[in-house]
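Colleague: Could you take me through the terms you use for this model? I would like to see how each one is reached.

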Amino acid sequence: MSNIDYTPGPLLTAAQTTPTALWNDSSDLDELRQSISFGGVGATCNPVIAYTVIKSNIDVWRPRIKAIADANPTWGEAAIGWQAVKDLSVEAAELLKPIFDEHNGRNGRLSVQTDPRFHRDAKALADQAEEFHHLAENIVVKIPATKTGIEAIEDATYRGVSINVTVSFSVPQAVRAAEAIERGLDRRAAEGHDISQMGPVVTIMVGRLDDWLKSVVARDSMFIDPSALEWAGVACAKKAYQIFQERGFRSRVLSAAFRNVLQWSELVGGDLVVSPPFKWQEIINASDYQVVDRINEPVRKEYLDELMRIEDFRKAYDVDGMTEEEFEQFGPTRKTLRQFLAADADLDQLVTDILIPAPDLPFPLGEPPCFVLPSSAPVGSARCTPRPSRRTRRPNSSPSATPSEPPPRTSPRVSAPRPTRTRTHCSPTRTSTPSSSARRPQRTPRRCSARPAPARPCSSRSRSPRTSRRPAPSRPS
């Protein structure tokens, strides 16, 4: 990869001097190119990231999604949205292909996640994993670390699919998933198939574990040193890495879902993958941090003692803390599955908004809120003029006007000034001369002065000024 214009910094130093691999936590092409210049050699993605990438680049993806729909007139929103995700993944994988060739399949991979709506069907997960595997040579497929997912992980590995285990937050999930990968690799090798270029990884979503434990502490009103809560995910990743090394697992630990720089710096030096979001890469690489091998440095005992007070941390840290049946009921697993399912629904809705725009919107989704001037406009004229807002749009201008013509011009509407509403304030004892701007006939025995009433919200009812006091109620005789 001699043609890469590298960006010096701590990330590049770690990538060049340690076995720790940097992957970008997004398939956004611009971010991925910059991550490669930081020393990045792979990328991950999930439904939330894919939806965000497509929505943030809607000017690019709107016509592409319409083209997918036109080419497949019987497809529903889900199929169209997932085709867009597959297209996005293939383009990112192509960017990483030279790295894949250089590393013989160990790196240079682009992660594509299986549809979270299949989370209860092991065969559907394995079938889709095999489909994604054939999208490009350097695809690695994400399957969740649930009981159903672990069954699919072994099956897909046996079929030759490189797996990135996801929705994984704990040591027991990571170890059980790695064991499933080993079984799949052994079965495949026993039948004479080549496994030399397979590159499985097992993710621990370190930041999401931290997030969950913080919410548990708040929910249970626990008095905990808040500094300890920043180390939970790091502690689990370090322990899982030790077990992987001791047991000789052929998959690598992958640290993802970053919330702080410790989730990179404390894992540097290990033969593993770190996958920080691009914004964290920018922060780290712009810093003056000196790269130090910290993977074998244990988490401080006082932090572990604090964390051990939390039951869910004990479940996540102990290699036998949960059974496979309990994985799906673990708090962060449920929370993340729900978020991924919601992102799938959001992508479906985005496709709907593109194909069937709401008729009451001022302009279709993805179109700029402006009118393009005709080609006959004088040289130097602005090519785009702001579209009037709903509140200021003239009656004869319409959002559905042909964009190739400017909106018709009309004479400005002049409205007569509204009279100032006044309220009469009277005093039975004070006497004064009325102002010259609002003179009224004098009344006896009272004198009243008119002054503008304070501004009030518009109302269809008009309020009459009070001209006299309410008569006192008569007493019974």
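**Terms and how they are reached**

Modeller: G42 has R109 in β3 as its bridge partner. This is a predicted model, in which local features need pLDDT of at least 70, side-chain atom pairs count only at pLDDT 80 or more, and totals for chains, interfaces and linings use all residues. Residues are numbered from 1 along each chain as its sequence is written, and side-chain values use heavy atoms, with hydrogens and water left out.

Colleague: What makes β2 and β3 a pair?

Modeller: Pairing requires DSSP to find at least two bridges between two strands. Strand β2 (residues 40-43) and strand β3 (residues 109-113) have two bridges, in the parallel sense, so they pair. Parallel pairing also runs through the closed barrel of eight strands, β1-β2-β3-β4-β5-β6-β7-β8.

Colleague: Why are α8 and α10 called roughly parallel?

Modeller: Helix α8 (residues 171-190) and helix α10 (residues 232-247) pack at about 30 degrees, their axes 9 Å apart. Angles under 35 degrees count as roughly parallel, and therefore α8 and α10 are described that way. Their crossing is right-handed, the term for a near helix turned clockwise from the far one by less than a right angle.

Colleague: Which residues of α8 and α10 meet?

Modeller: V171, A174, V175, A178 and E179 in α8 meet C236, K239, A240, I243, F244 and R247 in α10; contact means heavy atoms within 4.5 Å. These residues divide into eight nonpolar, no polar and three charged.

Colleague: Where does α6 lie?

Modeller: Helix α6 (residues 122-133) lies across β3 and β4, at about 165 degrees to β4.

Note on methods. Axes fitted to C-alpha atoms, helices over the stretch in contact; angles between N-to-C directions. Helix = DSSP H or I, 4+ residues; strand = E, 2+ residues; numbered from the N terminus. Parallel < 35°, antiparallel > 145°, perpendicular 65-115°, else oblique. Nonpolar A, V, L, I, M, F, W, Y, C, P; charged D, E, K, R; others polar.
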